[in-house]
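Student: I am new to this protein and would like a guided tour. Could we go through it step by step?

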Amino acid sequence: MTKHLTKTIWIINQYASTPETGMGGRHYYLAKELAKLGHKVYLIAAGYTHLLREPPVLDEDYVIQPISEGFDFVWINMSSYSDAHSKKRVLNWFSFTWKLLKLPKVIVGKPDAVLYSSPSLIPFISANYLAKNVKARMVFEVRDIWPLTLIEVGGYSPQHPFIRLMQWIENKAYRDSDRVLSNLPNAVEHMVEHGMKREKFSWIPNGLDIDEVSQAQPLSGHTFSQLPKDKFIVGFAGTLGAAKVLNNFIDAASLLKDETRLAWVLVGGGKEKQKLQAQCTKLGLVNVHFISPIPKAQMQSLLTLFDVCYLGWSNKPIYRFGVAANKIPEYLYSGKPIIHGFSGNEDAVCKAKAGISIPAENPQAIADAVLKLKSMSQEERAQLGRNGYDYALKNHDYAKLAEKLAKVLLDD
């Protein structure tokens, strides 16, 4: 374990949350582990975003909430808005940027390091100013490459004035930051193209709270009763969103609808759920089962009941930089073989030898992979699962990732 003198670290992520308000996630767990290493950590976030399940009720502009894991969560009061595409969401980027400047009057003591995390780029300006003003190390973290994602996936013109503003900030962040990190393993190539010195870069993937996943809560009786019995289950668990192109999963189920021992299970909610259900109705499928979302604490109990875990992506150039889905460490840790529909670079499932990687958006390839795994012996499938589990412990334990992050934030 890396030893440091106690330092003060500010982690700024407008979209961070606690497990009670949202999903917790990357920065919550990294803050927890940095605190265990003896540091004073402040995780700073907006009190309202479209990602919060239960936004905190705030009666002041700034509220410091002590977290039992040993760090402080700083909520900045923000206006509410309707959804991710609301113009008020953009206005909140600017408001959050302005309100960050008052943090030195709210938080006692100066930071030794400031970590600012994208995708929202505008507030980097304030985070960088605060860090430079007190001679703290400035670390810029990229989780989604903006504005490139908005251009390649969202269809925005690079010449759009707001895109150009974000591009200027992104380039400035690569130049001005003391260190740059990402959970996208191949993002360094993009960053170097935009002016970053390669030696600034570190890759820190998403991870798992091992204590949490090793003590998974049992499934509710209601959820358990909905799972098919005495079937070979191919399952997906997570948000039913467009990025994961789950229509291919349904099409693969249709290709194998005569395989009566197969069951295809989708656990979760999201804006694509009704479309996927309509697709099943249109295809006359009775082998696809939709189950409502479950608490995160029950996820590993669910995955142990799958025979195969599935995750797929669209065939987009943006994935040349890799993917950083929280779902991948969860699947790897489950000890179940994985089918990964992915045509990008840096495929963790392939690296871990934890299943079968296939081209993205290819229902026939999904069907073929399912039949291949089903034809394997139980021991062969178990070996793939063990490979994934071992890989998760070695590469995705937040305790180990926090030690790596501490070096990025604090070591000379």
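Student: How many aromatic pairs does the structure hold?

Tutor: A word on the background: this is a predicted model, where local features need pLDDT of at least 70 and side-chain atom pairs count only at pLDDT 80 or more, while totals for chains, interfaces and linings use all residues. Residues are numbered from 1 along each chain as its sequence is written, and side-chain values use heavy atoms, with hydrogens and water left out. Rings of Phe, Tyr and Trp (its six-membered ring) pair if their centres lie within 6.5 Å; planes under 30 degrees apart are stacked, over 60 edge-to-face and the rest tilted. By that rule, the number of aromatic pairs is 16.

Student: What kind of pair do the rings of Tyr28 and Tyr29 make?

Tutor: The ring centres of Tyr28 and Tyr29 are 5.5 Å apart. Their planes meet at 85°, so the pair is edge-to-face.

Student: Are Tyr28 and Tyr29 buried or exposed?

Tutor: Buried means under 20% relative accessible area, exposed over 50%, and partly exposed in between (1.4 Å probe, protein chains only). On that scale, both Tyr28 and Tyr29 are buried.

Student: Which residues form one aromatic cluster with Tyr28 and Tyr29?

Tutor: The cluster brings together four residues, Tyr28 and Tyr29 among them.

Student: How are α1 and α17 oriented to each other?

Tutor: Helices (H or I, at least four residues) and strands (E, at least two) are DSSP runs, numbered from the N terminus. Axes are lines fitted to C-alpha atoms, for helices over the stretch in contact, with angles from 0 to 180 degrees between N-to-C directions. Helix α1 (residues 26-36) packs against helix α17 (residues 398-410) at about 80°, with the axes 9 Å apart. Angles under 35 degrees count as roughly parallel, over 145 as roughly antiparallel, 65 to 115 as roughly perpendicular and the rest as oblique, so α1 and α17 are roughly perpendicular.

Student: Which residues of α1 make the contact with α17?

Tutor: Contact means heavy atoms within 4.5 Å. On the α17 side, the residues include Tyr398, Ala399 and Ala402. On the α1 side, they are Arg26, Tyr29, Leu30, Glu33 and Leu34.

Student: How many charged residues does the contact of α1 with α17 have?

Tutor: Ala, Val, Leu, Ile, Met, Phe, Trp, Tyr, Cys and Pro count as nonpolar, Asp, Glu, Lys and Arg as charged, and the others, Gly among them, as polar. The contact has ten nonpolar residues and no polar ones. The number of charged residues is two.

Student: What is the relative accessible area of Glu33?

Tutor: Glu33 is in helix α1, where ten of the eleven residues are buried. Glu33 touches Tyr398, Ala399 and Ala402, leaving aside residues up to four places away in sequence. Glu33 is buried as well, and its relative accessible area is 8%.

Student: Which residue is joined to Pro147 by a cis peptide bond?

Tutor: Pro147 lies in the loop between β6 (137-142) and α5 (148-152). The cis bond has an omega of about 5°. Its other partner is Trp146.

Student: Is Lys135 buried or exposed?

Tutor: Lys135 lies in the loop between α4 and β6. Although Lys135 is not a glycine, its phi is positive, about 60°. At 77% relative accessibility, Lys135 counts as exposed.
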